[in-house]
Amino acid sequence: MSGQSAGQRFREAVATESPLQIIGTINANHALAAKEIGYKAIYLSGGGVAAGSLGVPDLGITNLADVLIDVRRITDICDVPLLVDADTGFGPSAFNIARTIRDIVKAGAGALHIEDQAGAKRCGHRPNKEIVSKSEMVDRIRAAVDARTDDSFVIMARTDAVASEGVESALDRVGAYVEAGADMIFPEAITDLETYSKFTADAGVPVLANITEFGLTPMFTVEELRAVGVAMVLYPLSGFRAMNKAAESVFNAIRREGTQRGVLDQMQTREELYARINYYEYEHVLDDYQNPER
């Protein structure tokens with residue numbers, strides 16, 4: 001991977017794993033875990049930034065600076081290529097979108113997706129989503145493509161049009177988005193494999209399936225999605241949901257029992273944590289600084 005940009009590494013991962021499993025990593029520690037387990041690409045969810053870092057809903061409340069903080073924390077410590085949720089591009093103007101692209105490239109990500117919802121966006125699996133015109137989204141994509149400082153950086157176009165305009169309209173939009181320069185396509189809230197097959201047949205570029213829990217899309221397997229030509233499978237918040245549930249369980253037990261003895265088996269041990277973050281290597285460096293004669 002030496003000498004490759006993050007964008008090149010992301011594209012290589014898409015080309016070499018079929019379909020590429022992209023796991024959501026809410027923080028740098030989870031990114032290191034994903035790398036250790038063998039994932040070839042990781043993801044930072046906008047909803048995860050909102051709920052995890054700020055404790056607010058995914059309703060367009062977060063801004064570019066909020067996302068960049070978490071991007072940098074991940075890319076500073078983990079070289080697995082990162083796909084970033086850039087919402088609507090943090091517009092409204094092409095200048096804003098251009099700044100978003102440049103800053104996310106500079107922060108070390110390999111790819112981002114930008115969507116065709118209106119500014120006050122909603123979770124893709126919620127009702128009453130409002131989408132912008134096809135021409136406005138095309139302008140967003142053009143601004144994004146023109147702004148990237150690394151030609152290998154991936155601009156992925158997400159469409160939420162299936163829920164509000166239907167599959168045929170969404171397919172028409174995808175054609176326009178690809179023509180405008182989108183490298184990959186993310187059709188949101190798909191409910192059946194036949195529809196995925198239509199997108200993969202028509203798009204002409206790699207297509208991502210978002211397999212988020214408790215949403216509109218069934219939890220299709222890698223094998224099922226491979227059979228209909230899907231190139232990437234995204235699990236945006238699986239680890240985050242599990243982490244939250246585990247923390248609640250431990251908090252309740254300590255409050256109830258007055259001790260954590262009964263839930264130690266639910267916890268990562270000190271040794272496991274230290275191994276993940278290379279604690280002892282850092283400590284050895286510190287020892288050398290403090291005892292140079294050793």
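The lining of the second largest pocket consists of six nonpolar, four polar and one charged residue (nonpolar: Ala, Val, Leu, Ile, Met, Phe, Trp, Tyr, Cys and Pro; charged: Asp, Glu, Lys and Arg; polar: the others, Gly among them). The model is predicted, with local features needing pLDDT of at least 70, side-chain atom pairs counting only at pLDDT 80 or more, and totals for chains, interfaces and linings using all residues. Residues are numbered from 1 along each chain as its sequence is written, and side-chain values use heavy atoms, with hydrogens and water left out.

**Pocket**

- The volume of the second largest pocket is about 370 Å³ (the space filled by probe spheres set on grid points, which are joined across faces, edges and corners).
- A pocket is an open set of points on a 1 Å grid over the protein atoms alone, where a 1.4 Å probe fits, with protein on both sides within 12 Å along at least five of seven lines; lining residues have an atom within 4 Å of a point.
- The second largest pocket is lined by Asn29, His30, Ala242, Met243, Ala246, Ala247, Val250, Gln266, Met267, Gln268 and Arg276.
- Two or more lining residues come from each of α2 (28–37) and α11 (238–257) (helices are DSSP runs of H or I with at least four residues, strands runs of E with at least two, numbered from the N terminus).
- The most lining residues, five, come from α11.

**Strand β8**

- In β8 (residues 232–235), Met232 and Leu234 point one way, Val233 and Tyr235 point the other way, and all are buried (buried: under 20% relative accessible area; exposed: over 50%; partly exposed: in between; 1.4 Å probe, protein chains only).
- β8 pairs in the parallel sense with β1 (residues 20–24) over four bridges (pairing needs at least two DSSP bridges), and Ile23 stands opposite Tyr235.
- β8 also pairs in the parallel sense with β7 (residues 208–210), over three bridges, with Asn210 opposite Leu234.
- A right-handed β-α-β unit is made by β7, helix α10 (residues 222–227) and β8 (with the strands pointing away from the viewer, the path from the first strand over the helix to the second runs clockwise).

**Single residues**

- Asp183, in the loop between α8 (167–179) and β6 (184–187), counts as buried because its relative accessibility is 16%.
- The Asp183 side chain makes a polar contact with the side chain of Arg11 at 3.3 Å (N or O atoms within 3.5 Å, one able to donate a hydrogen and the other to accept it; residues adjacent in sequence count only if both atoms are side-chain atoms).
- Val285, in helix α13 (residues 279–290), counts as partly exposed because its relative accessibility is 44%.
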